Amino acid sequence: MKKRIVSALLVIAVAFVSLGASALYASASSGAVIVAYGDSIAAAGKWQTEFTRLSGESVINAGVGGDTSADGLARFASAVSANDPDVVFIAFGTNDASKDMDRYVPIENYKENLREMVRRVRALGARAVIVTPPPVVDEQYLTRHDAAPFEEYGGPNGLVSLYAQAARDVAAEFGADVADVNAAFSEHNFASFIADGVHPNDSGYALYGQTAYQAYTGTLAGDLNYDGVLDKEDVKLIRRAILGKYVLSDAQRESADMNGDGNADYADYELMKTGSGWEDMAPSSAFDGFTITASLTAGSMDAAVMAANTAELQRCVDAAHDAGGGTVVIPKGTFYFSTQGVNARGWENFVCFPRDNVTVEGQGIYTVLMPVGQTPGGLDMFYFNEYADSGFKNPLYLVNADFKNFVIDGGLAHSDRYTSAGKGFMINLYKDCDYDNVIVMNTDGTGFGMDCPINCTIRNCEAFGCGKAATTSSAGASGIGMGTGYSEEENMIIENCYCEGNMKFGIFFEHQGRFNASYYTAQKLGRMIIVNCSARNNYIDFGCELGVDVVYRCCDVYADSTAHTKLAFNHHTIRCRFEYMDVKARFDDVADSSAYYYKPVYWAMNKGITTGVGGNTFGINAKCTVGQAVTFLYRLAGLPGALKLVNHAESTYYEDSLEWAQTNGIVDNGTDPNAVCTRAAFIDMMWRYSGSPVVEGQYDSATNWALSVGIMNTVMDSDILRRDAVTILYRYFSPFDKYNSNDAIGLLRHVLFPNDYPLMFRSGDFDKNGVTDSRDAVYLLRHVLYPEDYPID
């Protein structure tokens, strides 16, 4: 039989563009016979699914749970030779490193077994790809293993790391390809990719499959996040690296060097943009109406030059405004500005005063605006606050002023004392204004500090390290901070934005009524929607204080730990909620994925029901108070009501919840919120919340109801722990979270592109007509919107 020889360049297509060359993957199947030869991680078949999605190649599963390299070698003929393979992934090592068990294989024996496997694979005329074993999570691993044999290695993962290196060493000896899963996991908080201490979870299997795919095809130039494609997420990473806000690994730097000059820089950034097909960061090819290019001097911090730059930028903005509207183009370069002066209030300096109908547009990250100087109360780059500066009389809105494609770096602007000023944008009262692809970093105060928007958007923007002059107890100092409450027309969309390392919030809303100002009176807004945004390592990632009508939807929190509060709604926040959140964080006391309360706790976190008791702790063994219990239910209900928005400093976290619960008969008037809640009292609250249905049985109505709906299976009364409270809520409410609009979109994609989007349900035939088609996606969406009218079993 003639073998199909599969080279390291298999299924790579090379596309040459005018600015250089970039390697792009083609996913069409080559017909290669590929064998996944390994232990239980291979046997699960999950990483192979991701590999097939990326490559279009099917994979023969030759994994056996519990196998060591010795076991694998013994079954080589039946598992590998019998399949006449072209490519063999050799994936052993996790069980070999089980030093406390009889199946332990010493590391030198493990290496020799790998060597023999490679020899036999090559004797078949096939290609061997050695896969390093993924890390293990010591705490979970040691719940099933003796710790003593691993002490000399610093724990089980220390020993597994040695086996991973042994696999790399054998690959180097033979010049074989390596799918370095261990390294790919270890570049992240690998515990978030492990389900039970050893086996990957769904995200881990996806990363495993992506890593195998890269080893199979070769390195994709520019794929910095290892997802198998060169796309805008990779462009964002090199952009952050150029700005000094992200450190590329050696492998990433090599991949980012698109032009092969040994550097990862602006030239590679341009090539990555072209190769990804994402040109959102480029300036407009043509401008409507009046256009003026600012004649600024780059690179000089001479006082006269900075003053001239400040005057020139304002001159251009004024000229565009006086022409009836237009665009001010800022060329490539780093431009330094001094203060234009102090605002009418006499305590805040600024560089530029924006005007109606004027767009300020740069050249992406090539255009950097840097305010410079020591000022008494902070130096804003763009300042508009005609409301406050007029003594709160005759307020004026900034209308149709847009900002695109530039960077504001406040690293050289400093205040004598922190006043919450020193922002990238200090805008108060603005209408029909759009911010697109603007980065603000290193400011003394908030990056995007903008109050009371009407019909405005912030898209594709980023905030890094803002609030550098503040502390966590200071006002302001967030990445994106929005004041609200002047008008009931207020509404805004914040989309595809990223905030990292800001002193206070990543994205934050507060009703300005907290200052008891009579002119901030709106009790109801249009809607503030934050969609597809991400935050990492801010003091608080997403939240509201005295917030009104705010929705965080499909947002990600990439917290490395829960030391920082991830989601915070407080102080009379009403009609605000989190929807379909993804909080990538873990509590120290909720690490055992086999615990009955594990899923309920993280379900509660992602629903915004609770963020724990502080630090990295959920408080699984803490007793739940009545105040906590009514707050859980209140947040589940969507924080209904329109309560009074003043005197928040005198309130407690449960004040709104308790008033709501008493008003709706969920608890009796006079209930002590600080008392420890019993199981009976908690069940009674849930029963009342559910409408106090009458259920027959030998116990009281609430208990009979709880037994009938399956949230408890035994009758007992004792103080309820926090872990049990969220578990009971999860059992009752989680079925209603089973499907969402994203599932309907996923099903439609499967119908249109079945090879690219595998079916995510056991059956996609939701309307039960015998086939899975677009009508099922419509039915599923209707179910999400109207579950009672469109039921799903």
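**Close-up 1. Cys-433 is buried, at 0% relative accessibility.** Buried means under 20% relative accessible area, exposed over 50%, partly exposed in between (1.4 Å probe, protein chains only). The model is predicted: local features need pLDDT of at least 70, side-chain atom pairs count only at pLDDT 80 or more, and totals for chains, interfaces and linings use all residues. Residues are numbered from 1 along each chain as its sequence is written, and side-chain values use heavy atoms, without hydrogens and water.

Close-up 2. A disulfide is a pair of cysteine sulfur atoms within 2.5 Å. The count by this rule is zero. Cys-466 is buried, at 1% relative accessibility.

**Close-up 3. Arg-120 and Glu-116 form a salt bridge.** A salt bridge is a side-chain nitrogen of Lys or Arg within 4 Å of a carboxyl oxygen of Asp or Glu. Here the closest N and O atoms are 3.0 Å apart. The two residues sit four apart in helix H5 (residues 107-123), so about one helical turn separates them. Helices are DSSP runs (H or I, at least four residues), numbered from the N terminus. Arg-120 is partly exposed at 32%, and Glu-116 is partly exposed at 24%.

**Close-up 4. Asp-724 pairs with Arg-679 in a salt bridge.** Their closest N and O atoms are 3.9 Å apart. Asp-724 lies in helix H20 (residues 722-733) and Arg-679 in helix H18 (residues 679-689), so the pair ties together parts 45 residues apart in sequence. Both residues are buried.
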